[in-house]
Amino acid sequence: MKRFFIAAAVTLLAISISTSAFAHSHLSGSNPADGEVVTEPLQEITLEFDGDIEKGSFIDVTTTSGKEIEVQEISIGEGTLTGTLAEPLPNDDYQVNWSIISADGHPLEGKFTFAVNAPVSESAEEVTEEPSESNEVVNQTTEDQENTATADEVENESSSMTVILIVLLVVIVAGGLFFLIKRKK
C-alpha cells in the first residue's frame, strides 16, 4: 500500500512539472530576423514559435527614437504571430516587442531589433499627413487594457490548476500516512 501511494505522488508531481515545463512556446525564428538589415519595403513582421500560441498575443513596433509604429492587424496561426503594418516602414532602426500566451496559458515576452535600408522612391519622399497622436494613444491604451485583462485571466486559470494538483497531492500523501499509521496499530 505504501508503494502505491508513493508511486501516485511521484506520478502527480511528474505530470504537474512536465506540463508546465514543456508546454511553453519559445521564439524559434522571425522575419525579419534579429539584427537583420532589410533592403526591400517591409509591411509585415512574422514571428515563429515552437508551439501553439493563444489569442491575446501581440506585437509592438517602435523606432529607435521611441515612436510607435501602428500595427494594423495581428493574426495568430499555428505557432505564428504576424503583424501587418498600415504602410511600408521607412528607413530606420526598429525594435519589436512581443508578448504571447503559450498553449499552457503562461505569458511570455521578448524583443528583437532590425533595420530597414530600402531604396527610397520620389513619391515616398512626399510628406503625408499623419493621424493625430491622441487617437493613437486612446487606441493603444484600450488595446493594452484588453491584453492585460486576458493575460490575467489566463494566468489565474493556470494558477488554479497548480493549486488543485498540490491539494490533490497533499490529500494522497495524508491518506497514505493515515493508512500506514492505522495498519501498524
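## What you're looking at

This is a predicted model, where local features need pLDDT of at least 70, side-chain atom pairs count only at pLDDT 80 or more, and totals for chains, interfaces and linings use all residues. Residues are numbered from 1 along each chain as its sequence is written, and side-chain values use heavy atoms, with hydrogens and water left out.

The chain comes to three helices and nine strands. Here helices (H or I, at least four residues) and strands (E, at least two) are DSSP runs, numbered from the N terminus. Reading from that end, the order is α-β-β-β-β-β-β-β-β-β-α-α.

## The four-stranded sheet

β1, β3, β7 and β6 line up in that order as an open, antiparallel sheet. Two strands count as paired if DSSP finds at least two bridges between them. At the edges sit β1 (27-31) and β6 (71-77), each pairing on one side only. Neighbouring strands are turned by 15° against each other on average, direction ignored; the axes behind that angle are lines fitted to C-alpha atoms, and angles run from 0 to 180 degrees between N-to-C directions.

Back to the opening pair: β3 (residues 44-49) and β7 (residues 80-85) run antiparallel to each other, joined over five bridges. In general, strands of a sheet pair through backbone hydrogen bonds.

## A look at T62

T62 belongs to strand β4 (residues 58-63). Is T62 buried or exposed? It's buried, at a relative accessible area of 17%. The cut-offs are under 20% for buried, over 50% for exposed, and partly exposed in between (1.4 Å probe, protein chains only).

What does T62 touch, leaving out residues up to four places away in sequence? The answer is K67, E68, D93, Y94 and Q95, where a contact means heavy atoms within 4.5 Å. T62 and V96 are 34 residues apart in sequence, yet their C-alpha atoms are 6.6 Å apart in space.

## The chain as a whole, and its surface

Of the 185 residues, 26% are buried. Among contacts with a separation of 6 or more, 65% are between residues 24 or more positions apart. The chain exposes about 12500 Å², with carbon and sulfur atoms supplying 55% of it; areas come from the Shrake-Rupley method with a 1.4 Å probe.

On the surface, M1, F4, F178 and F179 make a nonpolar patch with about 460 Å² of accessible area together. For such a patch, residues need over 30% relative accessible area and no salt bridge, and nonpolar side chains are joined within 5 Å. A salt bridge is a side-chain nitrogen of Lys or Arg within 4 Å of a carboxyl oxygen of Asp or Glu. F178 is part of helix α3 (residues 133-184).

Conventions:
Patches are made of residues with over 30% relative accessible area and no salt bridge: like charges are joined within 9 Å, nonpolar side chains (Val, Leu, Ile, Met, Phe, Trp, Tyr) within 5 Å.
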